Amino acid sequence: MTLPVDSPLLADLNPAQREAVATTEGPLLIVAGAGSGKTRVLTHRIAYLIRESGVSPFEILALTFTNKAADEMKARVEALVGRVVKAMWVSTFHSACVRILRREAPRLGFRSSFSIYDEADSVRLVKACLAELNLDERQFPPRSLRAVISSAKAELVDFESFAARGSGRYHETVAEVYRLYQQRLLAASAMDYDDLLMVTLELFGAFPEVERVYQDRFRYLLVDEYQDTNRAQYLLTKALAAGHHNLCVVGDADQSIYAFRGADSRNILDFEKDYPEARTIVLEQNYRSTQHILEAANAVISNNPARIPKHLWTDVGSGDLLVRFEADDEHAEAEFVAAEIEELSSRNILRSQVAVFYRTNAQSRVLEEVFVRRGLAYQVVGGTKFYERREIKDVMAYLRLVVNPDDAVALRRVLNVPKRGLGDTSVGHLERFAQSRGLSLAAALVEVDSIPELGSRAVAQFGGFLDTLDLLRHKAEGGPQLALEAVLTETGYLTSIEAERTIEALGRVENLKELVTVAGEFEAANAGTIDVEGVGWEARPGVEQLEAFLQSVSLFGETDGLEDEEGAVTLMTLHNAKGLEYPVVFMVGLEEGVFPHHRALGEPGELEEERRLCYVGITRAMQRLYLISAASRNLWGVPGFNSVSRFVTEIPTQLMRTAERRELPTSSTRSSTLTRVVVGDEVRHAHWGIGRVVEVFGSGPGAEVVVDFNGLGSKHLVLAWAPLSKV
DNA sequence: GTAACAAATGTTTTT
DNA sequence: CATTTGTTAC
């Protein structure tokens, strides 16, 4: 075939990349090895469609898995084609579905301002269902029930098929919970993450004319990380591409690391079966890593049976050897990492070029302690997420109630927050009343007068709560920021936290302030933007902005807030590392039982997924890779001795050198470097900042101190454990 | 109804 | 060990 090689968009691409960009028509599979310029190809392809093929941006839909990936793609396409990118749909599967559902969900009985339940909301609802069915939480743990329901939904198994596909008492009960759970979601006009995909597909099934609209509109479809699609995402892709078949999918089966949440790498392996006319282009040249790093990655991944061999190669040279270090325990591990990073900075390697990857979030704690103590700037991606903090969820629940009065989970959450004398007894009466009359909780609330069991005080409090909500609905017309400020003041939430006068409360106030700022920024960013359907440029009224704000927060993910902070080392899980690259990478906790995780040890399938995760980790590194393990590690306060991870032994020894043991400044590696303090000392705490010692009990490392932080609260601390240092 | 304390229980990874 | 849940005393 002939390609118009004169397009500047094809200029600095290799032949395979060029073909991937210019093959615009028909199904196309791009097998993109790690670091092979995948994003570059995708963005150039979009630009090529617009600039060379004359495709309207309105006709392009690009789907990614994370908002971060979507944002990056948008930014890079914008650099190529300009502001017209704002009119394009470049989004995650989930937000694309939300955009469709905001418009179409009323056909299925949902408000267009439906709520989106995150995992915690979802667990709460499962609990409520268990209570309603008089089931024991111990026998049916809500979290695992939610997980079962979630995986069923990812496979598009509704509660009827679920009930039919198994037998026995346990299965029947789960099916019953599933049924009630769905019923409650609909009644609350709410969807969980899985519903966003499943309901969209239901919508397409029930209203072919609606499906047709989106099929016709999106003539060109691009899907990133196709190996991570689950059944629902696969079918959604298929449905949208059914009319025109201009479907371009990009992925790498070796980087499939989400099977645990329903991803099925057969989707990418079977692409050519689904679309017999498909072209396949393989990108094998790696532009990211040194040869040594690539060889290590290839060596590890080749231990997975039944994979299609791939030969990633690079011409950047062999580079440094990988660095291997075995620490005595997790503290020594963290000390080594910190010391090594300091050593690297003395050789002009910036901290922002360094990342530390671990298997589980809990592993970040020791690293953080050590980094704080040594004054090493770092940022953690993920972990306790901002939007999952209690105070944030509380005020967001108020906002959700403002736009969706049916949201029962949000209602239950804030009915007595802040405390207004509506405890379990009163709320229990309300719930029984609602249930007996077949009313929603919101509807029952309006009729509290007719609940005989309630005392006059409770009735008045319920009434006051309703009035507050009305007031908030009124204020919400002023947009997200004003709505939020109204929640903080009118509900008494802020006052009640401030009244606690503790350090923790101070932190919460800070977080709430931050949220107000975020809301303000959201307004600024969305003022006068083009509206969802591209109908025209118009500022959206306050309540609609609020809905959009809630939606963006609901779908806000792990890596999304990540900006390369100047001078800070980045800490994250291996899962979060996908799609990123760093000149220097530390992989820690390379021990059997940690990585590979003990849950995977007996399961060949899961072990292979762990190995792919390892492959992902290794291939993030550009120049330098450290492989670190600890001979002993405390797990849940109990010391454990794990052997070195099989992944380390799978790497040829000639690719590695063993690091020398560094001189460690302190041998008794505990959190605090302080052994002696006196009243009046100024100290710095990892989380709470600077404070003054006001009391000391006992002596030595076992001593307890009382520290007054900023005069705004004080804290009892055990000297040996608290991450304290002298100012 | 709430606050303070004791016990139990749980950790993989995430849109 | 850290958070959440259950129990007790006000």
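Modeller: Start with helix 19, residues 424-437, which has 14 residues and spans 20 Å from its first C-alpha to its last, close to the 20 Å expected at 1.5 Å a residue. The model is a predicted one. Ser426, Val427, Gly428, His429, Leu430, Phe433 and Ala434 are the buried residues of helix 19. Among the elements that cover these buried residues are helix 20 (441-446) and helix 21 (456-475). After helix 19 comes Gly438, with a positive phi near 65°.

The crossing of helix 17 past helix 25 is left-handed. On the side of helix 17, the contact is made by Met396, Leu399, Arg400, Val402 and Val403. Helix 25 contributes Val543, Leu546, Glu547, Phe549, Leu550 and Val553.

Seven strands form an open sheet with parallel pairing, in the order 11-12-10-13-14-9-17. Strand 11 (378-380) and strand 17 (656-658) stand at the edges with a single partner strand each, so one side of each has no neighbour in the sheet. From one strand to the next, the twist averages 25°.

Strand 12 (569-573) can be followed residue by residue. Five of its five residues are buried. Val569, Leu571 and Thr573 point one way from strand 12, while Thr570 and Met572 point the other way. Strand 12 runs parallel to strand 10 (354-358), and four bridges join the two. In that pairing Ala355 stands opposite Thr570. Strand 12 also pairs with strand 11 in the parallel sense, over three bridges, and here Thr570 is the bridge partner of Gln379.

Elsewhere in the sheet, strand 9 (residues 322-327) and strand 14 (residues 621-630) run parallel and are joined by five bridges. Ala327 stands opposite Ala630 in strand 14. Helix 15 (residues 330-346) lies across strand 9, strand 10, strand 12, strand 13 (582-587) and strand 14. Relative to strand 14, helix 15 runs at about 155°.

How values were computed:
Residues are numbered from 1 along each chain as its sequence is written. Chains are lettered from A and ligands numbered from 1 in the order in which they are written. This is a predicted model: local features need pLDDT of at least 70, side-chain atom pairs count only at pLDDT 80 or more; totals for chains, interfaces and linings use all residues. Side-chain values use heavy atoms; hydrogens and water are left out. Two strands pair if DSSP finds at least two bridges between them. Axes are lines fitted to C-alpha atoms, for helices over the stretch in contact, and angles run from 0 to 180 degrees between N-to-C directions. Contact means heavy atoms within 4.5 Å. The expected span of a helix is 1.5 Å times one less than its number of residues. Buried means under 20% relative accessible area, exposed over 50%, partly exposed in between (1.4 Å probe, protein chains only). A crossing is left-handed if the near helix is turned anticlockwise from the far one by less than a right angle, and right-handed if clockwise.
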